[in-house]
Amino acid sequence: MTSKVIPRTETSSPTPIGAAIELRALRKSFRVPGGDVVRAVDGLDLVVAPGEIVAFLGPNGAGKTTTIDMMLGLTEPDSGTVRILGSTPDRAISAGRVSAVLQSGGLLSDLTVAETVELVATLHHRPRPVEEVLTRAGIAEIGARRVGKCSGGQQQRLRFALALLPDPDLIVLDEPTTGMDVEGRREFWHAMRADSRRGRTVLFATHYLDEADAYADRVVLVREGRVVADGTAAEIKNLAAGRTVSATLPHARPAELLAVPGVDDVEVRGDRILLRTKDSDMVARHLLTETTAVDLEITSHNLESAFLTLTSGAH
Amino acid sequence: MSTVVSRPVRTARAHRGLGFLRLELRRMLRNRRTMLFTLVMPPLFFVIFGLRSDYRTESFGSGNVAGYVMVSMAVYGAMLATTSGGAMVAIERAQGWSRQLRLTPLRPTAYIATKVAVAMVLGLVSVVAVFVVGAVLGAHLTATAWVFCFLLAWICSLVFAAFGLFIGYLLPSENVMQLLGPALAGLSFAGGLFIPLHGWFATVSTVFPTYGVATLARMPFGDTAGSSIAAAILNVTVWATVFVTGAAVLFRRDTAR
């Protein structure tokens, strides 16, 4: 059963002009050892407008990394289409319009921080100055340090500096703070946030709710290779902060229930109704006094449980 | 609708390409282990094996035996240098660096070309080191032989640059050189590079890639039989084809998604 998707812009609408990211019916399966086929991405649609900061939120194994690899042209989808800034991922990359911070690896330990940036700068058409990207990533003072001697957080900010080199329109980050300590995470997001004021489009994958909450304008929840919820951070929070009032009410009409003051959302399962609300007292009072509802139950859920409900598939 | 930025002029790209090559070279030259294997070991081997007193007086073709050993060690040095240069892709793949590079406009073929260029520069450095030590310590060659032995030892090592790339794509391992070092030493013995082989050893040796390169590099001494030269040319052609094809196939598999 699919969890309720928060109403937002219909993602199956025609292509918005100049979308930063446009993924349509994306699918990718892998054969795992033992011969089983795993559907990592299973019909994923996503459109991101220019300037949006989007959190791609989901548990491990939800298909976030595979989706990002397809956005960057590192993996070819089995079916579906990927458009990045109106062209293919390869062309967007070679034009320096999109760059990425990947999860791990990808650095040469025998180079210094500044040398790494210098080396990658020679590969771009019109790179920003080395000093500038080091400063913007917050690692100007450790330019002479060997990469192998840097902490995980420093290495991640170095990857971020590399991603800033082409001055891209879109930055994609795959779980950028995995394995960092609290301080490292804070510093990374500080650098990230300071930079994103420039109107760049940012999409970052994460499995930390608080990161999605603190740094994204929009949160896209993924589970089993699909988008299961999509809304602003506030909408997701409201969803999480509310309670569900359930009761047995035969022949209930969803439209009437939705008109009840305080009801945000209605689900009808046979004789059972589930009303999502931020004011459960008022809704319960209404049900017991104005309708024939019986067997009333009120359940609350916090951010964590909403996330789990939406992303685990369990009801 | 956004359009892809038009390609900048060719000269600008060539300039950037050189910048990448320069930084890659600096990286290579700074690697102490690589420098030890390519700059110190081959001249040292020459000093150990090529300077017995009678080697300087004993002649080989138009030169002396010391000169013969010098050319052999130059081939060995160039081989080590170009193989490790090519095998750098193994280390870079293992560290995930090649994935990072795929997020830049660098084309895979340009990456390979850079690796080959770096390997060949390293090979050149190694040949120069052995020849300088040889010239100072009593190797004797005619002027023409100095030039042609030098060029052949260096250029033929392209075969081993391809070998290094092939192995680099075959084994994504950080420790690939620990495997290749002994393997190359074994191939050097088997191909008659370190010591001249006789009888059926000599016959078997003609199939090893080291045999072709060594024989061609010694050709300017004027003491090589025509049949050996023909065998060496065939040997180099076959092995070059095998390594280049192997590297190309694996490279394509690596860049395919």
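Helices, taken as H or I runs of at least four residues, and strands, taken as E runs of at least two, are DSSP runs numbered from the N terminus. In this predicted model, chain B reads α-α-α-β-β-α-α-α-α-α-α-α-α-α along its sequence, with 12 helices and two strands in the chain. Chain B is as compact as a globular protein of its length, because its radius of gyration of 20 Å is close to the 18 Å that the globule rule gives for 257 residues. The C-alpha trace of chain B spans about 75 × 35 × 30 Å along its principal axes.

Of its 257 residues, 44% are buried. Among the contacts in chain B with a separation of 6 or more, 79% join residues 24 or more positions apart.

Turning to chain A, the domain assignment gives domain 1 as residues 21–237 and domain 2 as residues 242–312. The centres of these two domains of chain A, taken over C-alpha atoms, are separated by 38 Å.

A:Glu211 is part of helix H7, which covers residues 209–215 of chain A. A:Glu211 counts as partly exposed because it has 19 C-beta neighbours inside 10 Å, whereas a buried residue needs 20 or more. Beyond its neighbours within four places in sequence, A:Glu211 is in contact with A:Ala55, A:Thr177 and A:Thr206.

Note on methods:
Residues numbered from 1 in each chain as written. Chains lettered and ligands numbered in written order. Predicted model: local features only at pLDDT ≥ 70, side-chain atom pairs only at ≥ 80, totals over all residues. Buried ≥ 20, exposed ≤ 12 C-beta atoms within 10 Å, placed from the backbone. Contact = placed C-beta atoms within 7 Å. Domains from an automatic or database assignment. Rg over C-alpha atoms; globule rule 2.2 N^0.38 Å.
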